[in-house]
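Please look over the chain below. A short report follows, under a few plain headings.

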Amino acid sequence: MCFDSGGMSSNLTPSESCERCGLHYPKGKDQCPYCVGMSDSQEKEHGKNVLATVCKQNSALAKIFIYGAVLSLIILLLSFS
């Protein structure tokens, strides 16, 4: 993997946070592509859906790490017996 002197990958683009929905989008765009054209109620519903999706993904990732830690512990304990 190749990193520049700042420690960040060179393909990352600067972004800014949307004041309305809170999601990040590239600085070169005039408006947030996620919530442009949505009414306030649609934007709130979209925000809830995004939050629910992120929570599900984080929960699944946490389970994978816990299973991995338990498996590693079992292998470690078996190697000393």
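Is Arg20 buried, partly exposed or exposed? Arg20 counts as partly exposed, because its relative accessibility is 34%. This is a predicted model.

Arg20 pairs with Asp40 in a salt bridge. Their closest N and O atoms are 3.3 Å apart. Arg20 sits in the loop between strand 1 (15-17) and strand 2 (24-26), and Asp40 in helix 1, so the bridge ties together parts that are 20 residues apart in sequence. Asp40 has a relative accessible area of 55%, so Asp40 is exposed. The cut-off for exposed is over 50%. Across the whole structure, the search finds 1 salt bridge.

## The nonpolar core

Which residues make up the largest nonpolar core? The core has 5 residues: Cys18, Cys21, Tyr25, Cys32 and Cys35. In soluble globular proteins, nonpolar side chains tend to be buried together.

Cys35 also has contacts beyond its neighbours within four places in sequence. These are with Cys18, Arg20, Cys21 and Glu43. Two of these partners, Cys18 and Cys21, belong to the core. Arg20, another partner of Cys35, is the residue that bridges to Asp40.

## The surface patch

A nonpolar patch lies on the surface. Its members are Ile66, Tyr67, Val70, Ile74 and Leu78.

Tyr67 lies in helix 1, which spans residues 40-79. Tyr67 counts as exposed because its relative accessibility is 60%.

Conventions
Residues are numbered from 1 along each chain as its sequence is written. This is a predicted model: local features need pLDDT of at least 70, side-chain atom pairs count only at pLDDT 80 or more; totals for chains, interfaces and linings use all residues. Side-chain values use heavy atoms; hydrogens and water are left out. Patches are made of residues with over 30% relative accessible area and no salt bridge: like charges are joined within 9 Å, nonpolar side chains (Val, Leu, Ile, Met, Phe, Trp, Tyr) within 5 Å. Accessible areas come from the Shrake-Rupley method with a 1.4 Å probe; for residues, only the protein chains shown count as cover. A salt bridge is a side-chain nitrogen of Lys or Arg within 4 Å of a carboxyl oxygen of Asp or Glu. Helices (H or I, at least four residues) and strands (E, at least two) are DSSP runs, numbered from the N terminus. Buried means under 20% relative accessible area, exposed over 50%, partly exposed in between (1.4 Å probe, protein chains only). A nonpolar core is a set of buried Ala, Val, Leu, Ile, Met, Phe, Trp, Tyr and Cys residues joined through side-chain atoms within 4.5 Å. Contact means heavy atoms within 4.5 Å.
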